[in-house]
Amino acid sequence: MTKIKMNIEPVLRCLPKSISAAAAKYEATEIRLLAGRPAMLYTGADGFFITSSGDITTSEDSGIEMTKTGVGEVFRLACDNSVYSFEDEIKNGYITIEGGHRIGICGSAVMKNGEVTYIKNISSLNIRIARQVIGCAKDIFPAVFDKYVRNTLIVSPPGCGKTTVLRDLARILGYKYKVGIADERSEIAAVYRGTPQNDVGLRTVVMDACPKEYGINMILRTMGVDIIITDEIGSGPDSMAIRNAFNAGVKIIASAHGYSKADVLARPAIKELMGTVGFERVVILSQRNGAGTIEEVSECR
Amino acid sequence: MPVKIVGMVAIIASCTMLGFELSSHLIKRVHILETWQQVLWRMSGLVRYTKTPLYEIYEIFALEKGEVGAFFSSLLKCGGENTLTSWKKNMGEMKWLSKSDVEILINLAKGLGKGDTDTQVKDIEFANAGIKSALNQAKEISSRDAKMYRSISFFAGVTVAILLV
């Protein structure tokens, strides 16, 4: 039995009245505000335009048009009137607000020494409403925990529930084991001003907004954890850090983009993590019967 | 005769009090500007090094004593209101400051919370430079005029009392 946990209030207080009313009434999963175009609301895969009376319509002409000032105002409120305090997130193209909701940002990038340092003239916002699906990892749990916790790699294409499943695994395991989450993009624990907005377990620590290679090593050295959970691995430095964890006897549960086991094994950085001292199991997820459908569980040893 | 004496004393006392009031106004302005100078200096550190959001900055400075603390306490009650609007609304707490002092703070509020860290720090430092020069001017005026207001008011009171007698 799964249960959806969501706190949409922090999103509603950033939005103009009509959009806020529609978002609450129709249980929006995503809200898109683009300057000069009508405000849109998504409920699952279906997109609608928002009318000035706080309803939704499929007619583009009846949608309320967002101005650049309006988009800026929503962004200002989302940043609690302190845009600079979100600067590190802004340069990655998003901010996470209270409740764990993610706001994607588009505008003009400001570059310094070949790196994006800020985004100015913000003209588009994509607000993704965060939902924690409590209990969604119960089907995958036997693959991860079989007598003891197994080093597990969860693989799926985007939108198949990898992060949601990882979050629920952290919650379940965090009630018994000391778990560390290396949450580079604040997607698992949705930390807002230092506090995880999702229930990630009683004994779970979170290293937020820190590159995985540093986050994993820091948790490993200082927090005395049994298990480290991390999302979307794939680069060489990620592999080095994960190998350090394997060598220290800490279990790793991670996710990676891909369609099959062969798909991820074609990536050298992941392939070298398989085997006797590496990942023991690979779980493939799909969206066949809804997000989080387990397609395959295979042994790697 | 006793009525005349009471009347004279009352005139002298009121004139002297007026002088003291004017002089304390000047001294108060110096104190408030000194507090603002410290507050802005600490604010620039909080923004630069820990990227502390404005709400938390207000919480920290609301603990300051006097008018500046009261000003930040009032800002905490403004919720999601625009920074400029809330600062303008609560500038009443700063009645001891001159128009140009208030202008410096309002100009700071115009951009506060809207830009990146470097811009914010520069804005705060710019405002602090303005406050510093206002403070120097206020100190000069205070040391020159405060004593004068007190003595002139006393002698003015005595003169008026004698003339009326």
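## Getting started

Two strands count as paired if DSSP finds at least two bridges between them. Helices (H or I, at least four residues) and strands (E, at least two) are themselves DSSP runs, numbered from the N terminus. With that in hand, look at chain A: strand 12 (residues 152-156) and strand 18 run parallel and are joined by 5 bridges.

A quick word on the model: it is predicted, so local features need pLDDT of at least 70 and side-chain atom pairs count only at pLDDT 80 or more, while totals for chains, interfaces and linings use all residues. Residues are numbered from 1 along each chain as its sequence is written, and chains are lettered from A and ligands numbered from 1 in the order in which they are written.

Which residue of strand 18 is the bridge partner of Leu153(A)? That's Ala254(A), and Ala254(A) is also the bridge partner of Thr230(A). Strand 17, helix 8 (residues 236-247) and strand 18 of chain A make a right-handed β-α-β unit. Right-handed here means that, with the strands pointing away from the viewer, the path from the first strand over the helix to the second runs clockwise.

Glu232(A) sits in the loop between strand 17 and helix 8. Leaving aside neighbours within four places in sequence, Glu232(A) is in contact with Ser255(A), Ala256(A) and His257(A); contact means C-beta atoms, placed from the backbone, within 7 Å. Glu232(A) and Ala256(A) are 24 residues apart in sequence, yet their C-alpha atoms are 4.4 Å apart. Glu232(A) has 18 other C-beta atoms within 10 Å, so it counts as partly exposed.

Now zoom out. These strands belong to an open sheet of 7 strands in chain A, with the order 16-13-17-18-12-19-20 and mixed pairing. Strand 16 (204-208) and strand 20 (293-299) stand at the edges with a single partner strand each, so one side of each has no neighbour in the sheet. From one strand to the next, the twist averages 20°.

Helix 7 (residues 212-222) of chain A packs on this sheet and touches strand 13 (179-183), strand 16 and strand 17. The direction of helix 7 makes about 160° with that of strand 13. (Axes are lines fitted to C-alpha atoms, for helices over the stretch in contact, and angles run from 0 to 180 degrees between N-to-C directions.)

Most residues other than glycine have a negative phi. Asn121(A), in strand 8 (residues 115-128) of chain A, has a positive phi near 45°. With 13 other C-beta atoms within 10 Å, Asn121(A) is partly exposed.

Ala190(A) has a positive phi too, of about 50°. Is Ala190(A) buried or exposed? With 24 other C-beta atoms within 10 Å, Ala190(A) is buried; its place is in the loop between strand 13 and strand 14 (191-192) of chain A.

## Over to chain B

In chain B, the axes of helix 1 (residues 2-50) and helix 6 (residues 117-164) come within 8 Å and cross at roughly 170°. The residues of their contact divide into 32 nonpolar, 12 polar and 8 charged. Here Ala, Val, Leu, Ile, Met, Phe, Trp, Tyr, Cys and Pro count as nonpolar, Asp, Glu, Lys and Arg as charged, and the others, Gly among them, as polar.

## Where the chains meet

How many residues of chain B are in contact with chain A? There are 14, in contact with 11 residues of chain A. Helix 2 (54-61) and helix 6 of chain B each supply at least two residues of that side of chain B, which divides into 4 nonpolar, 7 polar and 3 charged residues.

Gly115(B), in the loop between helix 5 (99-111) and helix 6 of chain B, is in contact with Val83(A), Tyr84(A) and Gln120(B), leaving aside neighbours within four places in sequence. Gly115(B) counts as partly exposed, with 17 C-beta neighbours inside 10 Å.

Key:
Two residues are in contact if their C-beta atoms, placed from the backbone, lie within 7 Å. A residue is buried if 20 or more other C-beta atoms lie within 10 Å of its own, exposed if 12 or fewer, and partly exposed in between; C-beta atoms are placed from the backbone.
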